[in-house]
Amino acid sequence: MPAPQAAVSTVKVAPMNWKPGIEAIGTVSAVRGVDLTLESAGIVKEILFESNQKVAAGAVLVQLDDAVERADLEAQKAQTALSELALKRAQELQKKGVGSEVALDTAQSVAAASSAQVTKLQAVLDQKQLRAPFGGTVGIPKIDLGQYLAPGVAVATLQDLDTMRVDFTVPEQQLPLLKIDQTVRLGVGDKEMPYTGTIRGIDPKIDPASRLVTVRAEVTNTEGQLSPGQFVQVRVELPEENNVLALPQTALTSSLYGDFIFVVRPAKAT
C-alpha cells in the first residue's frame, strides 16, 4: 500500500527582538506570617479581633483572666514603696553618722529585690495578653470566650499581605542564568502575568535527589490578589536578544517512511 501523505505547513519568519525566560511553578507565602499563640495558660476573657481584620503592630488581640496576677502586682508595688522608704531612712542615717554600713547595704538589697519582683510580676501579667507582633491581617478565631487556653494553642493566623514571597525551583543547568534583583513575572492562570517581583535569594545548595535549586522572589501585593499557599506561574525574564529567528511551537509529530523516522520538535531560537 502507498504511504499516506503527510500534511505540511509553512510559516514565514523574520528577524525580531526576542526576550527569553525561565518558566516555573511557585508557591506563595507572606514575608511575615505566623500562627499566634499565648505563653501562659488561662481563661479567655476577651477576644478583641474579628476575622480578616487588619491590625496594627502591638494591638491587643486576646485577653486572659488576670485578676490574680494584678492583685499580686499591686501587693508587690506596695512592698516596693515600703522598701524604698526604708532605703531613704538608711541613707539619711548614714549621712548623719548614726547608721551602719550593714544597715544601708541591707536596705539597698531589699529595695533592689523588691523592684525586680515588680518587674517579674509585670512580665507575668503581660503574658496574659496576646499582642500582634507586626501589622497585618488576622484570620478566623480558633478560640471562644470562657475557654481554658493552654500554652502553645493556636489562636489565629496573622499574615502581612502587603509583600509576598514566591518560592520556586529551576534545574541546575539554568542556575548560571539567575542573579539577585532579577525581574520575575507572576501570574495566577494561563493568561497574563500581571505581577512583577524581584529575586531576593538563591539557595546555594542544589538538591542532590532532584538536581533542582530553590529560588525566592518577593512581589508587592497592594491589591491583595495573592494569598499564602497559592500556586502561581513564574517567568524569570532574561536579557533581550536581537535579530533572532523565532519559530512558533508545534506539537510533537512523527511519521514512518520505510526504515527512517522523521520527528518534528518545537523549534528553538538560534
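In which sense do strand E10 and strand E11 pair, and over how many bridges? The model examined here is predicted; local features need pLDDT of at least 70, side-chain atom pairs count only at pLDDT 80 or more, and totals for chains, interfaces and linings use all residues. Residues are numbered from 1 along each chain as its sequence is written, and side-chain values use heavy atoms, with hydrogens and water left out.

Strand E10 (residues 183-187) pairs with strand E11 (residues 195-202) in the antiparallel sense over four bridges. Pairing requires at least two bridges found by DSSP between two strands; strands (E, at least two residues) and helices (H or I, at least four) are DSSP runs numbered from the N terminus. Thr183 has Thr198 in E11 as its bridge partner. Antiparallel pairing over four bridges also links E10 to strand E13 (residues 231-237), where Arg185 stands opposite Arg235 of E13.

Strand E9 (residues 156-171) contains Gln159. This residue is buried, with a relative accessible area of 17% (buried means under 20%, exposed over 50%, partly exposed in between; 1.4 Å probe, protein chains only). Leaving aside neighbours within four places in sequence, the contacts of Gln159 include Ala30, Arg32, Val34, Thr137 and Pro228, contact meaning heavy atoms within 4.5 Å.

The axes of helix H1 (residues 67-96) and helix H2 (residues 101-126) come within 8 Å and cross at roughly 160 degrees. Axes are lines fitted to C-alpha atoms, for helices over the stretch in contact, and angles run from 0 to 180 degrees between N-to-C directions. H1 and H2 are therefore roughly antiparallel to each other (an angle over 145 degrees).

Methods:
Angles under 35 degrees count as roughly parallel, over 145 as roughly antiparallel, 65 to 115 as roughly perpendicular and the rest as oblique.
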